[in-house]
Every structure is written in structure tokens, then in C-alpha cells.
Amino acid sequence: MKKNIEISPNIETLFGTRDENLRLLEDGLNITIDLRADSIEITGAASDVNRVEQVFADYQHLLRNGHTFVNGDLGAMLRVLTSDRTATLRGLAEAGKQRSFGKRTVQPKSINQRRYLEAIEKHDMVFGVGPAGTGKTYLAVAMGIAALMSKRVNRIVLARPAVEAGERLGFLPGTLQEKVDPYLRPLYDALYDMLEPDKVDRYLEKNVIEIAPIAFMRGRTLNDAFVILDEAQNTTSEQMKMFVTRLGFNSKAVITGDITQIDLPNANRSGLVEAIDILGKVEGIHFCGFDEGDVVRHHLVQRIIRAYDDYKGRNEQLSLSLETRNGNGYAAPRSATVEPYTASVEREATLPDLPPAAEPPLTPLSSPDRISE
């Protein structure tokens, strides 16, 4: 099917830099877009052509009503459109305006981010699990601010385990708050990005927004609150159980974490990993998964995450192959299963007992040859 759309004023802003948005629509919807002198020709299946036509119509409507797209929001919405057949450009843009995120308008930049926001609106407890840079914490803080601004909750409580990433900083100077602030800095960054600094400071002073280590949550009941637990992969089983049972009336809880970056001494005791198994089928709790396609940081972050996943997959496949060979009676290479130092000790242990070597006779100091030297 072919269809021509007349070019309207300012429609070229939809095309993107070097027509990248048009290429995105072509690849996502299996259509071809040709720019003519006074029109745009769209070729493809009837349903796909109609969707692209609706995109152009929605964009014109949004422009007429003064809507502006910033920080790559338009490209992000188009990617959501190509992934979700039920989504429309107008619906995505207006949904973002309906939520009040303080001084910033936040748009979901992937289909998983959109489902994440919708899940937070519909469920009282949501787990967001995925790699770094996928917006788990940022979007959760944004939804908390939206709930606070619309008076749906009276306060926001942000919690985080005080665990260092692969190092031990020892005792930190200052008051108790000054000691724990370095661990909670990512939460402060998200708040200051969405609200005016003086408003954040005022909310913190009045405890309308509270930021604390998870250890301070014991014994509390959180009513009329939006509660966020960040870096949940670094909680113990006891801490996770304690946190999820703090939820009071008219409250929401969002738990975020990345199970590939566990900093606990014993990774098998991660409270997040255990909670996924235990709470996976509990009614009223929703789990949202993210992958490298949802990363909204620098484009290199996607490639880095993919490279680490590939490396882990190759190592797991190699280990499985070695275990299979062992099971079939083949010995695995010593270097793959035994540390070099251990191997040397084993080799020394298998050497037969040998008689001590005879020591060479000593040359007397009075020897003429020795003196001549």
C-alpha cells in the first residue's frame, strides 16, 4: 500500500537529525518513507502505513497545542511506538504531562520503562530489576514526587543499604547523617534534578522527604508514604523481609536493584534474589525486568553491559563443558580447575623421598691453590 501525506509547517522537526526518526519508523514498522517536494510517500502494509499516518497527525496536533520535545523524548516515544502496537504518540506525550515531576517532564524511553511506570501506578509494591542505567531509581523517584505533588501521599521515604562497592572505606568522619550521606548520594542527585534545590532542602528539613539507610527502618510502620528501596541487591534476607513488611495504609513501595552487581560478602544471601523467588507469585506485587536495550545513559553503557553479559555467558558455557567432560571420564585441564600454587604443592607432595645429596668437601684455607687465588 502507498499513501501520500501533505507536508505541513514545522513537520520537518519530526524527522530528527539526518532523518534518524524516519529511519527508526522504517526499521520498526517495516515501511519505506520517501520525501517528495510537497509530500511524504509511505509504502508498506496497510496497518503499518496507517500507524505512521497517525504519528504525523498526532505530531501536528501536539505542535499546535504548544507541546515541545526535549532531551531526545521524541525519539524515545517513537521507539516505544514501534515496540507497542497499542501506544500512540499523542497518548505518550499527554501521559507525561499528566504526571507532575516538579521542574522536569519525564518520558519513558522504552517499552519496559513505560510498563514500569504503569505498574507503579496500579500496584502497591513493585520490583524493578535490571542492569545499571535503565532508569529504575530515577523513574521511581519521579513517581514518588508526582504522588507527593498531587497530595496522594504525605511524604517520600528513600532507603538504601550502606554497602561499599568492592572496597572498605573504614570509619567516616562527622555526624551520623554525614557518615551515611555518601552512600545515599544517588538519591539526592535524583531529587535535585527534579525539584528546585531550596524546595528539596525544605522538604528534607521537615522530613517530608526522608533519606536513610535501611538499618533505620526496623520497627517502623509507613503510612501515607511513597517508599523506595534502592540497590536492593545489597540487602540481606533479613533486611529485605524487614523492609517489605514496613508498608502501611495508603502507601506504595518500589524496590530496585541489579542482581549482577551484588557487593555483599556472600552473594548467595542477597535479599533481592531471595525475594524474587519467594514473592514472585504474591498477588498485588509486580516485578518489572529491564535489559541493556533500556539503558538511557551514554550509548557506550549498552555496549559495555552487553560485553559483560557475553563474557559471563562464555565462562558459564566453558564451565558446563568442563563439567560434562569430567562426567564422561575425561580429566579437565589442571589450569582450569586448580590454582597454580595449589598445583605446585600437589606436585611436590607426589615426589618420592630421595636421600640427601652429599655435600662437596671444603677446601682448606691453607691450600696453596686457594692462597694463590
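1. The buried residues of helix α1 are covered by elements that include β2 (32-35), α2 (46-64) and α3 (73-83), where a contact is a pair of heavy atoms within 4.5 Å. Helix α1 spans residues 20-29, and its buried residues are N21, L22, L24, L25, E26 and L29; buried stands for under 20% relative accessible area, exposed for over 50%, and partly exposed for what lies in between, with a 1.4 Å probe and protein chains only. Helices (H or I, at least four residues) and strands (E, at least two) are DSSP runs numbered from the N terminus.

2. This is a predicted model, in which local features need pLDDT of at least 70 and side-chain atom pairs count only at pLDDT 80 or more, while totals for chains, interfaces and linings use all residues. Residues are numbered from 1 along each chain as its sequence is written, and side-chain values use heavy atoms, with hydrogens and water left out.

3. On the whole-chain level, the protein chain holds 14 helices and 9 strands. Buried residues make up 41% of its 373 residues, and of the contacts with a separation of 6 or more, 71% come from residues 24 or more positions apart.

4. D19, in the loop between β1 (2-6) and α1, has a phi near 60 degrees, a positive value in a residue other than glycine, and at 24% relative accessibility D19 counts as partly exposed. N30, which follows α1, also has a positive phi, near 55 degrees. Elsewhere, N250 has a phi near 55 degrees, again positive in a residue other than glycine, and N250 is placed in the loop between α9 (237-244) and β8.

5. Strand β3 is joined to β1 by 5 bridges in an antiparallel arrangement and to β2 by 4 bridges, likewise antiparallel; two strands pair if DSSP finds at least two bridges between them. β2 and β3 form a hairpin with 3 residues between them, and I33 stands opposite I42 in β3. Of the 5 residues of β3, 4 are buried.

6. S39 lies in strand β3 (residues 39-43) and is the bridge partner of E6. At 12% relative accessibility S39 counts as buried, and, leaving aside residues up to four places away in sequence, S39 touches N4, I5, E6, I7 and D34.

7. An open sheet of 6 strands has the order β6-β5-β7-β8-β4-β9, with parallel pairing. Because β6 (209-213) and β9 stand at the edges, each with a single partner strand, one side of each is left without a neighbour in the sheet. The twist averages 15 degrees from one strand to the next. Within this sheet, 5 bridges join β5 (residues 155-160) to β7 (residues 225-229), and I156 stands opposite F226 in β7.

8. Helix α6 (residues 136-149) lies across β4, β5, β6, β7 and β8 (252-257), and runs at about 170 degrees to β7. For such angles, axes are lines fitted to C-alpha atoms, for helices over the stretch in contact, and values run from 0 to 180 degrees between N-to-C directions.

9. How many aromatic pairs are there? The count comes to 2, under the rule that rings of Phe, Tyr and Trp (its six-membered ring) pair if their centres lie within 6.5 Å, with planes under 30 degrees apart counted as stacked, over 60 as edge-to-face and the rest as tilted. Y116 and F290 form an edge-to-face pair, at 5.1 Å centre to centre and with 85 degrees between the planes. Y116 lies in helix α5 (residues 111-122) and F290 in the loop between β9 (285-289) and α11 (299-327), so this pair ties together parts that are 174 residues apart in sequence; both Y116 and F290 are buried.

10. F127 and F287 form a stacked pair, at 4.6 Å centre to centre and with 15 degrees between the planes. F127 lies in strand β4 (residues 125-129) and F287 in strand β9, so the pair ties together parts that are 160 residues apart in sequence. F127 is buried, with a relative accessible area of 0%, whereas F287 is partly exposed, with a relative accessible area of 26%.
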